[in-house]
Amino acid sequence: MITKNKVVTIKYTLKDEDGDVIDEATDAEPMAYIQGAGNIIPGLEAALDGKDTGANLQLHLTPDEGFGPRDDDLLEALPKEAFPSEDIAPGMQFHAPGEDGPRILTVLKVEDNRVIVDGNHPLAGMTLDFDVTVLGVRDATPEELE
């Protein structure tokens with residue numbers, strides 16, 4: 001049974017509100033995480049708690065249960081010279097240090113001497129639909145818990 005500190009292996013299909021597939025983990029390439037460690041979005045972790053191998057769930061998660069609401073305060077203009085390349089284009093993503101650890105910045109617009117970036121998670125503000133199957137549950141090793 002899925003409880004805190006168990007290693008859980010799942011396969012899933014993640015779709016947006018329009019039914020377009022955003023991401024998936026398959027039988028051939030499943031995803032593993034440690035329950036209770038905050039490694040996956042809150043709504044998915046809560047829904048899986050107490051389930052067993054073989055459980056299949058269809059979830060409709062709000063932004064608060066997923067990657068959070070969009071925050072316009074995470075839009076900012078940075079000097080162009082702060083980027084490693086002159087070939088910066090909208091849609092490019094960069095890793096940057098943040099208050100809560102590393103974050104991804106997505107380039108929205110490139111102007112003469114500055115770059116407008118978005119620090120929101122790319123799926124922030126989105127309602128997410130998951131089809132999840134639990135493939136396995138086991139105790140985490142001490143090394144994994146570190």
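Me: Let's begin with the hairpins. How many residues are in the one that joins β7 to β8?
Reply: Three residues link β7 to β8 in that hairpin. Strands here are DSSP runs of E with at least two residues, helices are runs of H or I with at least four, and both are numbered from the N terminus. This is a predicted model, where local features need pLDDT of at least 70 and side-chain atom pairs count only at pLDDT 80 or more, while totals for chains, interfaces and linings use all residues. Residues are numbered from 1 along each chain as its sequence is written, and side-chain values use heavy atoms, with hydrogens and water left out.

Me: And how do β7 and β8 pair up?
Reply: They pair in the antiparallel sense over four bridges, with β8 covering residues 114-118. For two strands to pair, DSSP has to find at least two bridges between them.

Me: Which residues in β8 are the bridge partners of V110 and T106?
Reply: V110 is partnered by V115, and T106 by D118.

Me: What about β6 and β7, how many bridges join them?
Reply: Four bridges, and the two strands run antiparallel. They also form a hairpin, with six residues between them. G101 sits in that turn and has a positive phi of about 105°. Along this pairing, F94 stands opposite L105 in β7.

Me: OK, zoom out. In what order do the strands of the open sheet come?
Reply: The order is β5-β8-β7-β6, four strands with antiparallel pairing.

Me: What does T106 touch?
Reply: Leaving out residues up to four places away in sequence, T106 touches G91, M92, Q93, I116, V117 and D118. Touching, or contact, means heavy atoms within 4.5 Å. The side chains of T106 and Q93 are also joined by a polar contact of 3.1 Å. That term means a pair of N or O atoms within 3.5 Å; within protein, one must be able to donate a hydrogen and the other to accept it, and residues adjacent in sequence count only if both atoms are side-chain atoms.

Me: Where's R103, and which side chain does it have a polar contact with?
Reply: R103 is in strand β7, which spans residues 103-110. Its side chain makes a polar contact with the side chain of E76, at 3.0 Å. R103 is partly exposed, with a relative accessible area of 24%.

Me: And V110?
Reply: V110 lies in β7 and counts as partly exposed at 28% relative accessibility. Setting aside residues up to four places away in sequence, V110 touches K80, I88, A89 and P90. The C-alpha atoms of V110 and A77 are separated by 9.4 Å, although these residues are 33 residues apart along the chain.

Me: New topic: which residues touch the most other members in the largest nonpolar core?
Reply: I10, L44, L48 and F130, out of 21 residues in that core. At least two core residues come from each of β1 (6-15), α1, β4 (56-61) and β9 (128-139). A nonpolar core is a set of buried Ala, Val, Leu, Ile, Met, Phe, Trp, Tyr and Cys residues joined through side-chain atoms within 4.5 Å. There's also a second, separate core of nine residues, including F94 and L105.

Me: Last one: where is Q35, and is it buried or exposed?
Reply: Q35 is in the loop between β3 (31-34) and α1 (42-48), and at 3% relative accessibility it counts as buried. The side chain of Q35 also makes a polar contact of 2.7 Å with the side chain of Y33.

Terms used. Buried < 20%, exposed > 50% of the residue type's maximum accessible area, 1.4 Å probe, protein only.
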